[in-house]
Amino acid sequence: MMMIKERIKLQKWLIIILLMVIFMNYLITTSFGAINVTYDHRALVIDGKCRVLASGSIHYPRSTPEMWGDLIQKSKDGGLDIIETYVFWDLHEPVRGQYDFNGRKDLVKFVKLVGEAGLYVHLRIGPYVCAE
């Protein structure tokens with residue numbers, strides 16, 4: 001009985017991962033060219049290759065835009081495939097209806113830099129942000 005519950009839990013996580021990759025696929029294909037992402041009931045298949053993806057976090061507003069390129073490159077050199085980041089809505093919308101995406105809050109620039117480095121982006125769109 002426990003094996004069935006564990007299998008169902010694993011399948012749920014795989015579906016969540018698949019949905020995240022599909023979202024990343026959308027972001028990348030709209031900015032950086034098409035890739036093919038599928039799922040073969042065992043693994044993610046990206047451009048015909050089964051992939052195990054390693055992820056790490058860079059919280060873009062906690063560093064400066066001048067630092068992003070180096071942080072992203074170090075992440076790639078360390079073996080990461082995905083850069084995960086929250087979308088910090090308290091910074092982007094400090095007052096209801098007033099938005100700020102300038103300077104260290106330039107989410108579009110950050111996502112483009114990650115894509116240009118050949119990595120995927122996992123956007124955690126919130127509204128909750130953990131303190132890890």
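Here are some exercises on the predicted model above, each with a worked solution.

The model is predicted, so local features need pLDDT of at least 70 and side-chain atom pairs count only at pLDDT 80 or more, while totals for chains, interfaces and linings use all residues. Residues are numbered from 1 along each chain as its sequence is written, and side-chain values use heavy atoms, with hydrogens and water left out.

**Exercise 1. Get your bearings**

Find how many helices and strands the chain has, and in what order the elements run.

*Solution.* Start with the definition: helices (H or I, at least four residues) and strands (E, at least two) are DSSP runs, numbered from the N terminus. The chain has 4 helices and 6 strands. From the N terminus on, their order is α-β-β-β-β-α-β-α-α-β. Next, take burial: buried means under 20% relative accessible area, exposed over 50%, and partly exposed in between (1.4 Å probe, protein chains only). Of the 132 residues, 32% count as buried. Finally, look at contacts, meaning heavy atoms within 4.5 Å. Among contacts with a separation of 6 or more, 71% are between residues 24 or more positions apart.

**Exercise 2. Strand β5 and its partners**

Work out which strands pair with β5, and in what sense.

*Solution.* Two strands pair if DSSP finds at least two bridges between them. Step one: β4 (residues 55–57) pairs with β5 in the parallel sense over 3 bridges, and serine 55 stands opposite isoleucine 82 in β5. To get from β4 to β5, the chain passes through helix α2 (residues 65–77), and this β-α-β crossover is right-handed. That term means that, with the strands pointing away from the viewer, the path from the first strand over the helix to the second runs clockwise.

Step two: β5 is joined to β6 (residues 120–124) by 5 bridges, again in the parallel sense. Here threonine 85 is the residue opposite leucine 123 in β6.

Step three: check the faces of β5. In a regular strand the side chains alternate between the two faces of the sheet. Ile82, Glu84 and Tyr86 lie on one side, Ile83 and Thr85 on the other, and all are buried. For β5 (residues 82–86), that is 5 buried residues of 5.

**Exercise 3. The two sides of α4**

Which residues of α4 are buried, and which are exposed?

*Solution.* List the buried ones: Leu107, Phe110, Val111, Val114 and Gly115. These residues are on the same side of α4 because they cover an arc of only 135° around the axis, where the arc is that of the directions from the helix axis to the C-beta atoms. An α-helix has 3.6 residues a turn, so residues three or four places apart point the same way. Now turn to the other side of α4, where Val108 and Glu116 are exposed. After α4 comes glycine 118, with a positive phi near 85°.

**Exercise 4. The largest nonpolar core**

Identify the residues with the most contacts inside the largest nonpolar core, and the elements that contribute to this core.

*Solution.* A nonpolar core is a set of buried Ala, Val, Leu, Ile, Met, Phe, Trp, Tyr and Cys residues joined through side-chain atoms within 4.5 Å. The largest one has 16 residues, and Tyr60, Ile72, Phe110 and Val114 have the most contacts inside it. Two or more residues come from each of α2, β5, α4 and β6. The largest share, 4 residues, is that of α4. Zoom in on phenylalanine 110: beyond its neighbours within four places in sequence, it is in contact with Ile58, Tyr60, Trp68, Ile72, Ile83 and Thr85.
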